[in-house]
Amino acid sequence: MSINKTALITGSSRGIGAAAARRLAADGWDVVIHYNSSEAAALALAKELHARAVRADVSDPAQVEAMFREIGSVGLLVCCAGVSEYGLLTDTDEAAWRRVFAANTDGAYRCCREAIPDMVRRKAGCIVLISSVWGVYGASCEAAYSASKAALIGLTKALAKELGPSGIRVNCVAPGVIETDMLAQFSPEDKYALAEDTPLGRLGTPEDVAGLIAYLASDSASFITGQIVGCDGGFGL
C-alpha cells in the first residue's frame, strides 16, 4: 500500500495542536485540523495551511466515529485535545473529574480505536499522545489533570507493545510549562516562578513541543516506540 500522509491533530485550533499542525504541514503531511468550540480559529488555520477542518467533541463516541467517517483513514494521529481542572481533590466533584477524563483520556482512546484498524491493515502508522510533566510527576491542586495525563502514559506503553508487530509506532510527549491558554489562570508572578524553576530559565513554547512531535512522526524516529519523551526545559529534574 502507498504511504498514508494524512495527519489528524486533535485540539489543533490553538496552542500546541496548532503549532504541530503548522510544523507537520511544512513537513509534507496532509493535516486535518480538529476543533470542538474554537471554530473561527480552526477555520482560519485550515485556510492558512490549505487543510481540512473537522469538528467533534472527543468526549462523545458518536461524534468521534462521525469524524473518522468524514476524514477517512490517517497515517498519523496526534492527540492534543484536552482540558484542565484546578483545585483541591476534595473540591473536585464527580462531574469535573469525569469531564477531565472524558476529554483527556477517553478522547484519546476513542481516536486511537478509530485510527488503528486501517493502520493495522496497512502495516504502518504513527500515534503520538500528548501527556504532561504533571502526568509523570503529579501536581498539587491538579489531581484530575495529572491522573488523566498519567493514564496516557500507560496507554502509550500498552499500545506500543500491542501494535509494534504491525509496524505501528506509539510514543508520548510530556510537555512542561508551555505558554498556552492553559496558563491563563496564572499571574505573571506565577509564570516567572515557574520559569525560575526550569533549568533552561524560560517557559516553553508550542513550537518547542511541535518540533518534538514532528520528529517522532518522521522516519528519523523509525526505531522509537513506547517512549515518554519530555519537552520541559529540565523542569522535571
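Student: Which helices each supply at least two residues of the lining of the largest cavity?

Tutor: Helix H4 (94-122) and helix H6 (143-163) each do. This is a predicted model. H4 gives the most to that lining, with five residues.

Student: What makes this space a cavity and not a pocket?

Tutor: A cavity is a set of points where a 1.4 Å probe fits but cannot get out, whereas a pocket is an open set. One cavity of 30 Å³ or more is counted here. The largest cavity holds about 60 Å³ of space, and its lining has 13 residues, of which Thr10, Cys79, Ala81, Asn104 and Ala108 are the closest to its centre.

Student: What is the make-up of that lining by class?

Tutor: The lining of the largest cavity has nine nonpolar, three polar and one charged residues.

Student: What is the volume of the largest pocket, and which residues are the closest to its centre?

Tutor: The largest pocket has a volume of about 990 Å³. Among its 44 lining residues, Cys80, Gly82, Val83, Thr180 and Met182 are the closest to the centre. Two or more residues of the lining come from each of H1, E2, H4, helix H5 (133-137) and H6. H1 gives the most to the pocket lining, with three residues. By class, the pocket lining has 21 nonpolar, 17 polar and six charged residues.

Student: Why is strand E1 (residues 6-10) called mostly covered?

Tutor: Buried means under 20% relative accessible area, and five of the five residues of E1 are buried. Strand E1 is therefore mostly covered by that cut-off.

Student: How do you know which faces of E1 are covered?

Tutor: In a regular strand the side chains alternate between the two faces of the sheet. Thr6, Leu8 and Thr10 lie on one side of E1, Ala7 and Ile9 on the other, and all of these are buried. Both faces of E1 are covered.

Student: What makes E1 and E2 a pair?

Tutor: Two strands pair if at least two bridges are found between them. E1 and E2 have four bridges, in the parallel sense, so they meet that cut-off.

Student: Which partner does Ala7 have in strand E4 (residues 76-79)?

Tutor: In E4, the partner is Leu76. E1 and E4 pair in the parallel sense, again over four bridges.

Student: Why is the unit of E1, helix H1 (residues 15-26) and E2 called right-handed?

Tutor: A crossover is right-handed if, with the strands pointing away from the viewer, the path from the first strand over the helix to the second runs clockwise. E1, H1 and E2 make a right-handed β-α-β unit, so the path over H1 runs clockwise in that view.

Student: How do strand E2 (residues 30-35) and strand E3 (residues 52-55) pair, and what connects them?

Tutor: They pair in the parallel sense over four bridges, with His34 opposite Val54 in E3. The chain crosses from E2 through helix H2 (residues 39-49) to E3, and this β-α-β crossover is also right-handed.

Student: Why is Ala217 called buried?

Tutor: Ala217 has a relative accessible area of 9%, and the cut-off for buried is under 20%. Ala217 is therefore buried.

Student: Where does Ala217 lie, and which residues is it in contact with?

Tutor: Ala217 lies in helix H8 (residues 206-217). Leaving aside neighbours within four places in sequence, Ala217 is in contact with Leu24, Trp29, Leu76, Cys126 and Arg169. Ala217 and Gly75 are 142 residues apart along the chain, and their C-alpha atoms are separated by 9.6 Å.

Definitions and conventions. Residues numbered from 1 in each chain as written. Predicted model: local features only at pLDDT ≥ 70, side-chain atom pairs only at ≥ 80, totals over all residues. Heavy atoms only, no water. 1 Å grid on protein atoms, 1.4 Å probe; cavity = no way out; pocket = protein on both sides within 12 Å on 5 of 7 lines; lining within 4 Å. Points joined across faces, edges and corners; volume = space filled by probe spheres on them. Nonpolar A, V, L, I, M, F, W, Y, C, P; charged D, E, K, R; others polar. Buried < 20%, exposed > 50% of the residue type's maximum accessible area, 1.4 Å probe, protein only. Contact = heavy atoms within 4.5 Å.
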